[in-house]
Every structure is written in structure tokens, then in C-alpha cells.
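Dear colleague,

I am passing on the structure we spoke about, and my notes on it follow directly below. Please read them with the coordinates open beside you.

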Amino acid sequence: MTPNAQLLRDVFGFDGFRLGQQEIVETVAAGENVLAIMPTGGGKSLCYQFPALIRDGLTVVISPLIALMRDQVRALQEIGVAAGALTSGNTQEETDAVFASLDAGTLKLLYIAPERLASGAMLSALRRYNVGMIAVDEAHCVSQWGHDFRPDYLRIGDLRRALNVPISAFTATADAETQIEIVNRLFDGKQPRTFLRGFDRPNIHLAFSAKDSPRQQILDFADERRGRSGIVYCGTRAKTEGIARALSDVGHSACFYHGGMEADARREVEKRFAVEDGLIVVATVAFGMGVDKPDIRWVAHADLPKSIEAYYQEIGRAGRDGAAAETMTLFGPDDIRLRRSQIDEGLAPADRRDADHGRLNALLGLAEALSCRRQTLLGYFGESSGPCGNCDLCDAPPEVFDGTQPVRMALSAILRTKEMFGAGHLIDILQGKDTEKVRSNGHETLPTFGVGKDLLKTQWQAVFRQMMGHDLIRPDAERHGALRMTDDALPILRDEAKITLRKDSIRAAAKRRPAVKTLVNDEDAPLLSALKAKRRFLAETASVPAYIIFNDRTLIEMAEKRPQSLDDMMQISGIGAKKLESYGDAFLSVILGDTAPDMHPTRRKLAGRAGASLYDRLLEVQSELAHGSTGIDKPLSCSASILAKVATQRPKDMTSLVRILGDKRAERFGNAFLDVLKEASP
Ligand code: ADP
Ligand code: ZN
């Protein structure tokens with residue numbers, strides 16, 4: 001193993017770097033300026049935490065949210081890394097402890113809240129310590145045009161100039177304007193080494209459903225995932241409260257969250273969500289950047305998000321630990337109407353509004369897609385890929401039909417009524433319904449009256465919704481949502497283009513509800529819940545979030561591989577030396593029942609390393625010779641630390657063995673040990 005791989009294994013418990021991580025780690029470690037754009041859950045933190053361990057001196061980390069900083073620091077301390085934070089949330093003792101380890105020169109990572117940079121005292125304090133580099137998390141917070149703008153981030157440039165050290169900056173926001181701002185404000189306009197990592201999140205299952213009875217659809221979805229942490233995103237504050245209540249009524253643990261709540265109440269929800277297993281938060285998009293929980297198992301949208309970027313960001317909160325996660329997004333004509341009017345009535349200049357319509361169109365295209373959703377989604381971000389096998393359309397391809405004829409009928413009805421009406425009335429005309437409104441407008445005389453009798457009302461609704469989704473028609477905000485034809489519809493109207501539509505996806509979806517994905521197979525499920533119960537107990541005892549102990553992915557691997565010893569345990573992803581020491585026994589005894597063997601602490605330190613099996617073999621030989629080769633000599637043995645020394649230093653001859661064992665022990669065990677060592681050497 002390379003030294004880096006060994007460190008990754010021992011400290012972080014990871015078997016390897018993820019896609020793209022290694023390059024970034026090496027570049028940061030080499031002391032270059034770096035800008036890395038990685039999707040949420042891609043593993044940004046490791047890209048500065050790892051270099052911080054192998055570089056000289058202190059790494060200063062700027063991060064926008066106090067709660068997240070405290071979590072990260074706690075997680076680092078759990079794996080035995082000297083880390084501390086200076087935030088307004090600190091107690092005096094915590095602050096004293098941080099300064100003590102700064103003075104002692106032992107601290108490797110110091111997290112600082114950006115507002116701390118405002119004080120000159122902070123700058124001059126930092127100059128006294130041996131700062132080797134600065135890492136900036138959520139670097140897009142320097143962008144004045146983004147919604148996460150933090151004025152204090154503008155001071156990071158001063159900090160860099162004052163300390164004269166390299167900066168590495170990380171963000172999940174990829175658009176070009178933001179990148180330029182980051183380069184200007186953090187790197188004085190000099191382009192750093194830039195890494196753009198792919199956007200795919202293969203562990204997240206993608207699905208959309210047309211709204212039928214939306215509240216019930218959300219309740220069903222949550223029911224099938226009972227006991228797993230999830231988020232339900234809603235379009236309005238009122239709805240968050242209603243759905244949270246409905247979920248609680250049927251026995252879920254659920255609460256709501258929106259921007260209209262007191263800051264304290266919001267923090268309370270954030271804290272509960274981090275710590276509790278299986279809590280559902282029903283929220284507006286205000287529940288966002290502060291959500292750093294890696295084991296969110298599902299995200300549902302009760303209403304359509306505002307753009308494809310927003311969709312990607314919101315579903316991206318699920319499954320950051322890499323274990324399977326599921327999403328479902330509901331949408332209907334009302335959503336489209338609402339989102340369009342929000343854009344039209346907003347204050348943005350005209351070209352911005354056009355761009356916003358475009359981003360909404362991209363999302364609607366995804367909602368009405370006819371084949372693999374991930375392909376469509378990644379295609380939007382400029383990545384090509386094959387069908388993913390992990391979306392609703394790959395699970396079951398939709399039934400489609402040639403919709404050209406009905407679409408032309410609908411367009412004709414719209415034009416002949418002067419683009420003055422909404423879908424309800426237009427469908428009445430197409431179906432030839434004799435209503436008050438039809439008669440008072442004289443619409444029964446139109447040539448389109450009754451031409452659409454072949455389709456049911458629900459089928460017409462699906463046609464209109466898909467026409468909106470393909471941006472063939474748009475609700476006109478100035479005319480109370482009357483539908484207007486767009487230029488995109490002209491080729492179809494003129495019979496120059498055809499269009500394929502999905503059969504009424506509402507009925508189809510109800511018929512073939514796909515099986516819920518389980519995290520492990522039936523056989524391993526009881527063990528997984530036992531392991532989770534142990535984790536919950538340990539987390540509650542230490543009052544930390546469960547994932548600080550181990551994340552879901554680690555527990556799933558444990559349930560599947562069932563390690564039988566601490567050595568096996570060390571092979572599980574997410575378990576490094578420190579966590580093995582803290583929690584190995586507790587989880588091993590869950591797996592083995594009461595039969596977990598005792599292990600000497602010295603031997604424990606070798607767990608999972610090359611010396612471990614050698615140590616065990618030496619111990620075996622030693623106990624065979626405890627009373628000498630004759631079996632009647634005075635008992636003699638070597639201490640655990642002597643055995644560990646032999647196992648790790650692997651002396652090649654008697655002289656060097658005597659140096660470790662001393663004469664008396666060398667006489668009894670020397671030859672046998674040398675044999676063991678010879679057997680073991682490659
Ligand atoms: P980001 O900040 O990019 O959203 P994080 O740094 O929080 O993502 O990492 C997301 C999750 O992935 C964490 O649970 C982390 O422990 C895990 N992780 C990161 N790198 C690796 C790796 N090389 N192997 C396994 N798990 C990893
Ligand atoms: Zn797919």
C-alpha cells in the first residue's frame with residue numbers, strides 16, 4: 001500500500017479515493033491554489049482534510065455554518081484528528097482548549113466562522129501560528145449574486161494576502177458566473193488549478209409522478225419508507241404544516257420547517273433531524289444549506305421545484321453517504337402555472353426571465369421524459385451517459401402514443417377561442433359538453449366543438465399538462481392563466497412535426513407501483529436493525545448525531561459482510577484505527593452475540609494490519625512452548641508489547657531477535673519465532 005492509501009485506510013477508514021478525489025488531494029497537498037467543483041456528497045471535505053494531515057502546519061478552514069463546523073470537528077476528533085473550531089457557538093472552555101492546542105502547535109485543522117475574520121485580532125493571532133494553507137468550504141458564498149452570499153467571505157482575500165499561503169476552494173455550484181467571481185475574490189483573478197467533477201449521483205433513484213391526490217401520494221411514499229429519515233419539500237409554508245400533521249397523524253415522527261419560523265424553532269428542527277433516526281422534515285426550500293446529514297434516505301417533492309438546478313440540489317441532499325436513496329417529485333398543471341407566474345411577476349430583467357423559463361422548461365422536460373431520467377438530467381449538465389437502470393423510467397418504460405392529432409385539436413381550440421381560456425373550458429369544448437360557459441360564449445358553434453370525444457377528461461388533462469411540459473402552451477399571467485400558444489407549437493400546428501406523448505401516466509403509475517428498495521436483503525435486515533439500535537444507543541449516550549459514530553453505508557457493509565473479528569472489521573469502509581478502537585467491540589458483539597473474543601489492547605492496535613496474523617501465530621507458538629519443548633519447564637511467556645515488536649519489526653536473525661526478547665526468552669522461543677517469521681516472509 002502507498003503511504004497515502006495507508007493513511008486513508010487507517011485514519012478515515014476508506015478503501016480508496018473516490019472518482020476525482022485523488023487528483024485534487026495531491027494538488028492541494030502540493031501547495032497549489034485549487035478550485036474544485038464537486039457535487040454534494042462527492043466528498044469535498046476529504047480533499048482538504050487529507051492534505052491537512054500530510055502538510056506541515058495548520059490548515060485554516062472557512063465554512064459558513066456553525067452547526068456544520070461543529071459536526072465536522074466532532075467527526076474529525078472521533079477519528080483521532082486534532083481539530084478545533086472558533087465560532088460564536090463556542091463555550092469559553094472550548095475556545096481555551098483550541099488556543100491551548102494552537103500554542104502547543106498540535107492542532108492540524110482550525111475551523112473559523114467567516115464573521116471572525118472581521119476582527120483584526122483574529123488576523124494577527126493567526127499570523128502567530130504556523131498556518132500552511134486555507135481551505136474555503138461553500139466557496140460560492142463569495143458570490144454577490146447568488147442566494148447564499150455572505151459578506152464576510154469577501155474578507156478571505158485579505159486573510160490570504162496576510163498569511164501568504166495557498167487557498168483551496170470548494171463548491172457544488174457550477175455556473176460560469178459564480179466561478180469567475182470566486183476566482184476574482186479569492187484568488188485575485190489568477191485562475192487556480194480547477195477541477196470539475198461529474199454530476200452523477202448513481203445511488204439516488206429518480207422518479208416523477210403526475211399529481212393525482214398529492215397528499216395521499218406523499219403519505220403512501222413515506223409509509224413505504226417508514227423509519228427512514230426523509231425530507232418532503234413543499235411550495236408553501238402552509239402546506240409544510242398540513243403535511244407534517246398528516247404524517248404525524250398516521251404515526252410518523254415528522255415536523256415542519258420554513259422561513260417564517262423563529263430562528264430558535266428552526267435550529268431545534270435542524271438539531272433533531274441531525275440526531276434522530278427516521279425523522280421526516282416537511283419543509284420549504286429554506287431547509288437547505290444547513291442540512292449536512294449524510295444518511296437522508298429519501299427526498300420527496302410535494303410540489304414541482306422551480307428549476308432543474310433547484311431540483312438537482314434538493315434531491316442531492318439524499319444519500320450523501322453513497323448508500324441507496326430514493327426520490328419522488330410530484331407535478332401537475334397548477335405547479336407549472338405557479339412557477340411560470342412567479343417568473344413573469346418577478347422583478348428580474350427580461351433576459352433573466354427568459355433564462356428562468358428555460359430552466360423551468362428543462363425541469364418539465366425531465367418530468368415528461370419518455371426514457372431514462374438520469375440521461376436527460378445529466379444531458380442538461382452536459383454529460384452523456386447510457387440508460388441508468390436506477391430511475392422509474394428504466395424500471396418500467398412508459399406507454400406512449402402518437403399525440404400529434406390530439407395536440408393539434410387542442411391548439412386549434414385555443415386559437416379559435418382567441419387564447420382567452422384555461423384547460424378546463426377548452427376540454428369541455430373538445431369533448432362537446434353543453435355548459436353554461438360554452439353556451440354564453442357561443443362555443444358550441446366552433447368547428448372544434450366535440451372533436452375530442454374519443455378521449456376521457458383525465459386523458460385530455462394529461463395531454464394539456466404535457467403540452468405545458470413541452471412548452472407548446474403557456475399560461476398567461478396577465479389573462480388569469482388563459483393558455484397561449486408558443487412558437488414551439490407552430491410546426492405541430494402546421495403538420496410539419498409530430499409529438500409522442502405518454503399515456504395517462506396517472507393511472508399507469510397507480511397500477512405498477514414499483515417495489516420499495518430495501519437497504520439490504522431480507523436475510524441481513526435483522527442484523528442491520530440491531531446494528532442501528534446499537535448505534536442509536538451510542539449516539540444518544542454521547543449526544544452526537546448517529547452518523548458521527550458510523551454512517552449507514554458502513555452499517556450496511558457490516559450487516560452484509562458480518563466481520564467475525566476486529567481484523568475483519570478493519571476491512572469495512574468507514575472504519576479507521578481510531579473508530580475501531582472506540583466502537584469495534586460494541587459492534588462486533590452485536591454481530592457475534594456473546595461470543596466476541598477478548599483481545600489484548602496491544603494486539604488490538606495491530607488489527608487489520610500486516611502484523612496482525614503474524615502476532616497471532618507468534619502467540620500460538622509461544623503458548624505451545626510455555627513449558628518448554630519438553631512440557632515440564634518453568635512457565636515463561638513474552639509480553640504483548642514484545643510480541644507486537646517482533647511482529648512489526650520482523651527480525652531476520654537470532655542476534656536481532658535477542659535484542660527484542662532478551663537471552664532467556666530467546667533461548668526458549670527464538671528458533672520457533674524465527675521459523676514463524678520465515679514462513680510469513682514473502
Ligand atoms: P460534500 O461536502 O462533498 O457534500 P462530504 O465531504 O460530506 O461531501 O462527503 C460525503 C460522504 O462521503 C461522507 O459521509 C464521507 O465520509 C464520504 N466519503 C468521502 N470520501 C470518501 C471515500 N474516499 N470513500 C468512502 N466514503 C467517502
Ligand atoms: Zn434511468
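In this predicted model, P406, V407, M409, A410, L411 and I414 of α17 are in contact, meaning heavy atoms within 4.5 Å, with W460, V463, F464 and M467 of α20. Those residues comprise ten nonpolar, no polar and no charged, where Ala, Val, Leu, Ile, Met, Phe, Trp, Tyr, Cys and Pro count as nonpolar, Asp, Glu, Lys and Arg as charged, and the others, Gly among them, as polar. Helix α17 covers residues 404-416 and helix α20 residues 457-469, and their axes lie 10 Å apart at an angle of about 80 degrees; here helices (H or I, at least four residues) and strands (E, at least two) are DSSP runs, numbered from the N terminus, while axes are lines fitted to C-alpha atoms, for helices over the stretch in contact, with angles running from 0 to 180 degrees between N-to-C directions. The pair is therefore roughly perpendicular, given that angles under 35 degrees count as roughly parallel, over 145 as roughly antiparallel, 65 to 115 as roughly perpendicular and the rest as oblique.

As to the ground rules, residues are numbered from 1 along each chain as its sequence is written, and chains are lettered from A and ligands numbered from 1 in the order in which they are written. Because the model is predicted, local features need pLDDT of at least 70 and side-chain atom pairs count only at pLDDT 80 or more, whereas totals for chains, interfaces and linings use all residues, and side-chain values use heavy atoms, with hydrogens and water left out.

The crossing is right-handed, and its contact involves I642, K645, V646 and Q649 of α30 with L657, I660 and L661 of α31, divided into five nonpolar, one polar and one charged.

Turning to the sheet, seven strands form an open arrangement in the order β3-β4-β2-β5-β6-β1-β7, with parallel pairing, two strands being paired if DSSP finds at least two bridges between them. Strands β3 (83-86) and β7 (193-196) stand at the edges with a single partner strand each, so one side of each has no neighbour in the sheet. The twist averages 20 degrees from one strand to the next. Four bridges join β3 to the parallel strand β4 (residues 109-112), and G84 has L110 in β4 as its bridge partner. Helix α6 (residues 120-128) lies across β2 (58-62), β3, β4 and β5 (131-136), running at about 170 degrees to β4.

Finally, an automatic or database domain assignment divides the protein chain into domain 1 (3-196), domain 2 (204-395), domain 3 (400-504), domain 4 (525-598) and domain 5 (610-680). The centres of domain 1 and domain 3, taken over C-alpha atoms, are separated by 55 Å.

Conventions
Left-handed = near helix turned anticlockwise from the far one by under 90°.
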